[in-house]
Amino acid sequence: MKKKKLVLSFPEKIVTKPLTYKLVKEFDLEFNILRAEITPDVEGKMLIELRGDDEQINRAIEYLENNKVSVQEAGKDIIIDRESCVDCGECTSVCITGALSLDKKSKKLVFDRDECILCELCIDSCPLKAIKVKM
Ligand code: SF4
Ligand code: SF4
């Protein structure tokens, strides 16, 4: 059995379609939602873990992409360049999961990797370009 972490981005028109349910029903996969931010009429993001046969996982990814869901492997990582960062907190305002925050006491930027869903919204928010994605 293979495991794969994927980031799914749902465009607003299909955000309420029960596509993920089909992953279990039609592709016989175990499905675990690690993070989700889905609001009707707005783009949705979901970090999922799929477990199952390799071929079935690939077929499921194809199925999602055919239904206009953007699928990315969550093998990436967010890197903060601490030398460039001035702890302005700008990036925390776009981070929907709270993975980026300012420590109340030290006022320094804190990154909680476990909370990060790799949505990449923070990248463009940093005026100093201190946030990057490591592939
Ligand atoms: S990619 Fe950036 S904005 Fe998105 S969850 Fe991770 S830290 Fe927050
Ligand atoms: S926006 Fe950039 S400079 Fe400001 S806290 Fe975030 S990473 Fe640091």
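The model is predicted, so local features need pLDDT of at least 70 and side-chain atom pairs count only at pLDDT 80 or more, while totals for chains, interfaces and linings use all residues. Residues are numbered from 1 along each chain as its sequence is written, chains are lettered from A and ligands numbered from 1 in the order in which they are written, and side-chain values use heavy atoms, with hydrogens and water left out.

**Helix α2**

- Helices (H or I, at least four residues) and strands (E, at least two) are DSSP runs, numbered from the N terminus.
- Helix α2 takes in residues 54-66, which is 13 residues.
- From first C-alpha to last, α2 reaches 18 Å, close to the 18 Å expected at 1.5 Å a residue; the expected span is 1.5 Å times one less than the number of residues.
- Buried means under 20% relative accessible area, exposed over 50%, and partly exposed in between (1.4 Å probe, protein chains only).
- The buried residues of α2 are Q56, I57, A60, I61, Y63 and L64.
- Seen down the helix axis, these buried residues fall within an arc of 160 degrees, so they line one face of α2. The arc is that of the directions from the helix axis to the C-beta atoms.
- E55 and N66, on the other side of α2, are exposed.
- The cover over the buried residues of α2 includes β1 (2-10), α1 (19-27), β3 (44-52) and β4 (70-73).

**Ends of α2**

- D53 caps the N-terminal end of α2, with a side-chain oxygen 3.1 Å from the backbone nitrogen of E55.
- Just after α2, K68 has a positive phi of about 70 degrees.

**Lysine K4**

- K4 is in strand β1 and counts as buried, at 14% relative accessibility.
- Contact means heavy atoms within 4.5 Å.
- Leaving aside neighbours within four places in sequence, K4 is in contact with I48, E49, L50, I57, N58, I61 and E73.

**Loop residue D87**

- D87 is in the loop between β5 (77-80) and β6 (100-102).
- A polar atom of the D87 side chain lies 2.7 Å from the backbone nitrogen of L109.
- Not counting residues up to four places away in sequence, D87 touches L102, K107, K108 and L109.

**Cysteines**

- A disulfide is a covalent bond between the sulfur atoms of two cysteines.
- A search of the whole structure finds zero disulfides, taking a disulfide as a pair of cysteine sulfur atoms within 2.5 Å.
- C85 is buried at 18% relative accessible area, and C91 is buried at 7%.

Terms used
A polar contact is a pair of N or O atoms within 3.5 Å; within protein, one must be able to donate a hydrogen and the other to accept it, and residues adjacent in sequence count only if both atoms are side-chain atoms.
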